[in-house]
Amino acid sequence: MAFGFKLKKLETSKPYTIEELFEAIKDHEFTAGQPQLTKHGLTTIITFPPIDRNNQIWVSPGGMKSPYSKFTVMKNEVAGLDNMAKNIGLGAVTGSWSRMSGTFGKKAKTSEELVVTTFEEIQALGL
């Protein structure tokens with residue numbers, strides 16, 4: 001685990017675009033909640049409902065060229081184009097102190113546990 005971030009490397013048996021992986025998992029129940037496709041900057045990722053502004057489970061491509069057979073399941077700040085600007089602005093104003101709940105505390109611990117659980121639940125689908 002990197003400081004404040006929990007990462008699990010997911011490998012699939014065949015390559016998927018992020019949209020195909022979403023289609024393969026969207027109808028399954030996850031402890032972290034219902035997955036959705038989220039545009040984040042120049043990429044699209046799979047996200048689960050946020051725990052708070054600083055803790056959300058993401059599934060992102062593990063490479064540069066689609067389709068992918070490697071993905072990363074991680075916790076991070078709330079994704080989305082609107083949230084990117086808010087997070088950058090709030091981090092600048094507070095000197096990054098606003099991100100501390102994503103690193104420490106009960107919600108951070110919960111999101112770290114959800115990274116592992118979500119990874120295991122996707123892996124159990126045998127993709």
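Predicted model: local features only at pLDDT ≥ 70, side-chain atom pairs only at ≥ 80, totals over all residues.
**Notes on the fold, sheet and core**

1. Now the overall layout. The protein has three helices and five strands. From the N terminus on, the order of elements is β-α-β-β-β-β-α-α. Of the 127 residues, 40% are buried. Among contacts with a separation of 6 or more, 59% join residues 24 or more positions apart.

2. Strand 2 and strand 3 are paired through five bridges, in the antiparallel sense. Thr-38 stands opposite Ile-45 of strand 3. His-40 stands opposite Thr-43, also in strand 3. The hairpin of these two strands has two residues between them. Gly-41, in this hairpin, takes a positive phi near 65°. For background, most residues other than glycine have a negative phi.

3. Strand 3 (residues 43–47) is joined to strand 4 by two bridges, and the two strands run antiparallel. Which residue of strand 4 is the bridge partner of Ile-46? The partner is Val-59. Thr-47 stands opposite Trp-58 in strand 4. Strand 3 is mostly covered, with four of its five residues buried.

4. The largest nonpolar core holds 20 residues. Leu-21, Ile-46, Val-59 and Phe-71 have the most contacts inside this core. Strand 1, helix 1, strand 4, strand 5 and helix 3 each give two or more residues to the core.

5. What does Val-59 contact, leaving aside neighbours within four places in sequence? The list is Ile-18, Leu-21, Ile-45, Ile-46, Phe-48, Phe-71, Thr-72, Val-73 and Ile-122.

6. Helix 3 (residues 106–123) has 18 residues. From its first C-alpha to its last, helix 3 reaches 26 Å, close to the 26 Å expected at 1.5 Å a residue. Its buried residues are Ala-108, Ser-111, Glu-112, Leu-114, Val-115, Thr-118, Phe-119 and Ile-122. Seen down the axis of helix 3, these fall within an arc of 160°, so they line one face of the helix.

7. What covers the buried residues of helix 3? The cover includes strand 1 (7–16), helix 1 (18–25), strand 4 (56–61) and strand 5 (68–76).

8. Next, Lys-26. This residue is found in the loop between helix 1 and strand 2. Is Lys-26 buried or partly exposed? At 25% relative accessibility, Lys-26 counts as partly exposed, because the buried class stops under 20%. Apart from neighbours within four places in sequence, Lys-26 is in contact with Gln-34 and Pro-35. Lys-26 and Ile-46 are 20 residues apart along the chain, and their C-alpha atoms are separated by 9.6 Å.

9. Arg-53 sits in the loop between strand 3 and strand 4. Arg-53 is partly exposed, with a relative accessible area of 30%. Where sequence and space are compared, Arg-53 and Glu-77 are 24 residues apart in sequence and 6.1 Å apart in space, C-alpha to C-alpha.

10. Last, a backbone point. The peptide bond from Ser-66 to Pro-67 is cis, with omega near 0°. Pro-67 has its place in the loop between strand 4 and strand 5. As a rule, most peptide bonds are trans.

Conventions: Residues numbered from 1 in each chain as written. Heavy atoms only, no water. Expected span 1.5 Å × (residues − 1). Buried < 20%, exposed > 50% of the residue type's maximum accessible area, 1.4 Å probe, protein only. Arc of directions from axis to C-beta. Contact = heavy atoms within 4.5 Å. Pairing = 2+ DSSP bridges. Core = buried A, V, L, I, M, F, W, Y, C linked by side-chain atoms within 4.5 Å.
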